[in-house]
Every structure is written in C-alpha cells, then in structure tokens.
Amino acid sequence: MCPDVEILSSFYDDELEDSQRQIVKTHVDSCPHCQKKMAELGLISAAIHAEEEPDFQMAKVNTWNNIMDIIDREEQKATKVNFWQRRFQISFPAAAALVAAFIAVLSFSVITFYMGKHTTSSPASPELNMTDASDTLLNDDDNIFDSSAIEFDIPATISNFVHAGEPLLIKEVDFRSNNGKK
Amino acid sequence: MRKLLAAFCLFLSPLLISAQEQPAPANETIDVEVTDSQIYNMSIDLKIKEGDIEKEILNGPVQHLAVSGKPVTLKISGSNFKAAVRFTLYQQAEDTLLLLTQSTIFMLKEGKKQMLSAVKSMPIKTGEKVLFFPLGVFPKAETTGYNCMLEMDVSKYQPRPVSQE
C-alpha cells in the first residue's frame, strides 16, 4: 500500500523521522507509482523555486528603506516647531547678566536724557519773571564764555533798579573828579 | 540663545548709535603756555548806588585771575534785572591794557521786558581803578531808584606772595 501524498511530500522535504523515512524510502525505491509522485513533487518544487522573484531581497530592502524614510519625516514634522512657539533655555547667570545690562543701559539713557534736557539754573527772583529768554541766554553764556562766572545776587530788599542809559566805563579818577568828589 | 543675544543687540543698537551721535564736548583741553606776564589779578566789587550813597553788597571784592584775551564773566541778578557782563583784558604794552566790556541786560521796565546789550572799551594801566555802570549813570538830579556799579582794579599777577615781615 502506497503512502499518501502528504507523507511523500514530507519525505521529499526531509521532514520525517528516521524510522518513518527509512520505511518510506524502502517503499519508494521499489514502487514505480511513488517514484512517479516523487518526480512530480520534484517538478513542483523546481517550479516554485523557479518562480521566485530574483530581486525579492532588493525589494525587501527598498521597502524597508521607504518605511524608514516615512518614519524619519514624521519624526521631523513632530519635532519642527514654529519660531515663536519655540522655548529657549538660558542659564541663570546669563539671564541675570542680560537683565542687569538692560537695566544699566536703560538707567544710563534716562539719566543722560534728563541731564541733557533739564539744566539747572539759578532761581530767578520772584519779581523778575523772564525765564523764557533771559535765563536761556544767560545760561548760554556759560557755554560760549567762561563757565566759571562770578555771580552777584542782589538781595530782594534792594529793588527798583532803574535803567539810566547806556553803560558807562570810566576810570575812577575821572568819575570822582566829574562828580566833584575827588 | 544666539537669537536672544541677537535680539538684545538689536535693542541696544539704537541706543549705541544715539550715544555716538552726541556731539563731542566743546571744551576740549588745549595746552597753551601762558606766561606770568599775561596773567592779571582782577579785583571786582559790586556796589549799589542810591543817589550818591554807595552800598557794598559783599563784604569785600572778589578776586579773579584773568588771562590776556580770555573773558571773565559776571552775572548780576537783581529784583527787576539780570545782567551778564564780560570783561576781557588785552595786553598792549608792559603796563598798558585794553579793557573790553560786553554787557547783556534783561530788564523789566514798566511791565515790559527789555534786552540791552553794549560793548565798551578803554585803555587802562595796571593799578588803575575802573568803574563800570551796566545800567548807565543817573543824572545828578535824579535820586529815586537804585543803580549798580562794578569797581574793578587790575594788577599784575604775583606768582609768589611777598612775605609781609
């Protein structure tokens, strides 16, 4: 009695145990029908191996590479963040130095601005309200001429100065003699 | 971090540019050799006159060193006037000087503001007393109101005080 096709196929693939393989081998050697079946199995096996694609390994590699590319792109998309949404990390000393520098520059700018705009001037007497022109021009004299001006402040108790005319420059001798006080 | 620094530098750049645009100080130091003969000692005293009566405002005259050609500025502040007077001495000969006075006066007169400016010059000798009336001189008859007078004495600069033993 011949073994069925499955046993023959297992025999052909060398998948049987030693005892079974020996029995089947003895039978196949003596049975032309089973030898024919074995020949058919050989043809089928050869056909299967012949139909295998020669570039299968290459296709596997290409497919894997494509998958890896897709994964990389997805990861890059996930990690790429908009500039304004990025979070910066800065060490505490650097941040403190930046803040200190900012405050110093701001303070210097403000002080410079106010020192330039508000120059101190000697307070005018309350009766003379000519701050619009006289103070400006008199203070400008500081810049044009000697900055170490000698200042005379006449007490407010002495008031009512009169403009008698053109300034007079005269030697004391001549002045006293003209006024009869020599 | 680099972007933060770049932003900080961008913030600072206008300040730095504005700081650079500030004009250089006008009073740059220039080394000029001045001999003692070009230096004079000015003694200036301000007196207030009411008619013929003179009142001294300060306890004594103000001493000031003046260099030939360099003005000495005085500022006088009164109740109804302000004056800037500049005395400039120009050396002409050994003992002869040209005294130049420039005066700018701001005065309230009958409720109106007036600006008066004048230039006067006079040759003087060292040791001579000179009077300057920035507001002019009263006519003799007029006695109301005050006038101010600058009394000035110019002498040669003494580099070392002479001992008074």
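In chain B of this predicted model, 49% of the contacts between residues at least 6 apart in sequence join residues at least 24 apart. For chain A, the corresponding share is 46%. The predictor assigns the complex an ipTM of 0.72 and a pTM of 0.49.

## Chains and confidence

Chain A contains 7 helices and 2 strands, in the order α-α-α-α-α-α-β-β-α from the N terminus. Of its 182 residues, 19% count as buried. Its accessible surface is about 14000 Å², with carbon and sulfur atoms supplying 58%.

Chain B is made up of 1 helix and 9 strands, and its elements run α-β-β-β-β-β-β-β-β-β from the N terminus. Of the 165 residues of chain B, 38% count as buried. The accessible surface of chain B is about 9600 Å², and 54% of this area belongs to carbon and sulfur atoms. The mean pLDDT of chain B is 79, with 75% of its residues at 70 or more. Within chain B, confidence is lowest in helix α1 (residues 2-21), where the mean is 66, and highest in strand β8 (residues 129-133), at 92.

The largest nonpolar core has 34 residues, of which A:F161, B:F81, B:F87 and B:L150 touch the most other members. The elements giving two or more residues to this core are β1 (150-153) of chain A and, from chain B, β1 (39-50), β4 (72-77), β5 (81-91), β6 (96-109), β7 (112-125), β8 and β9 (147-156). Another core, of 9 residues, lies apart from it and includes A:L16, A:V24, A:V28 and A:L41.

B:I44 belongs to strand β1 of chain B. Is B:I44 buried or exposed? Its relative accessibility is 0%, and B:I44 therefore counts as buried. Beyond its neighbours within four places in sequence, B:I44 is in contact with A:I150 and A:F152 of chain A, and with B:P61, B:V62, B:L74, B:F87, B:L150, B:E151 and B:M152 of chain B. Between the C-alpha atoms of B:I44 and B:G60, which are 16 residues apart along the chain, the separation is 8.8 Å.

B:T104, in strand β6 of chain B, also counts as buried, because its relative accessibility is 14% and the limit for burial is under 20%. Leaving out residues up to four places away in sequence, B:T104 touches B:K82, B:A83, B:A84, B:R86, B:M115, B:L116 and B:S117. B:R86 is 18 residues from B:T104 in sequence, and their C-alpha atoms are 8.9 Å apart.

## Salt bridges

Side chains of opposite charge can pair when their charged atoms come close.

| Residue | Partner | Distance, N to O |
|---|---|---|
| A:D14 | A:R21 | 3.6 Å |
| A:K171 | B:E128 | 3.6 Å |
| B:E151 | B:K47 | 3.1 Å |

The salt bridge between A:K171 and B:E128 joins two chains, because A:K171 lies in strand β2 (residues 168-171) of chain A and B:E128 in the loop between β7 and β8 of chain B. B:E128 is partly exposed, with a relative accessible area of 25%.

The side chains of B:E151 and B:K47 also meet in a salt bridge. This pair links distant parts of the chain, with B:E151 in strand β9 and B:K47 in strand β1 of chain B, 104 residues apart. B:E151 is buried at a relative accessible area of 9%, and B:K47 is buried at 11%. Both residues belong to a network of salt bridges that also links A:E172, A:R176 and B:K129.

A:D14 is located in the loop between α1 (5-12) and α2 (18-30) of chain A. A:D14 is exposed, with a relative accessible area of 53%, whereas its salt-bridge partner A:R21 is partly exposed at 28%. Most residues other than glycine have a negative phi. A:D14, although not a glycine, has a positive phi of about 60 degrees.

## Nonpolar surface patch

Helix α5 (residues 92-117) of chain A gives the largest share of the patch, 7 residues. One residue of this helix is A:I103, which counts as partly exposed at 48% relative accessibility.

How values were computed: Residues numbered from 1 in each chain as written. Chains lettered and ligands numbered in written order. Predicted model: local features only at pLDDT ≥ 70, side-chain atom pairs only at ≥ 80, totals over all residues. Heavy atoms only, no water. Helix = DSSP H or I, 4+ residues; strand = E, 2+ residues; numbered from the N terminus. Buried < 20%, exposed > 50% of the residue type's maximum accessible area, 1.4 Å probe, protein only. pLDDT = per-residue confidence, 0-100. Core = buried A, V, L, I, M, F, W, Y, C linked by side-chain atoms within 4.5 Å. Contact = heavy atoms within 4.5 Å. Areas by Shrake-Rupley, 256 points an atom, 1.4 Å probe, with all protein chains shown as cover. Salt bridge = Lys/Arg side-chain N within 4 Å of Asp/Glu carboxyl O.
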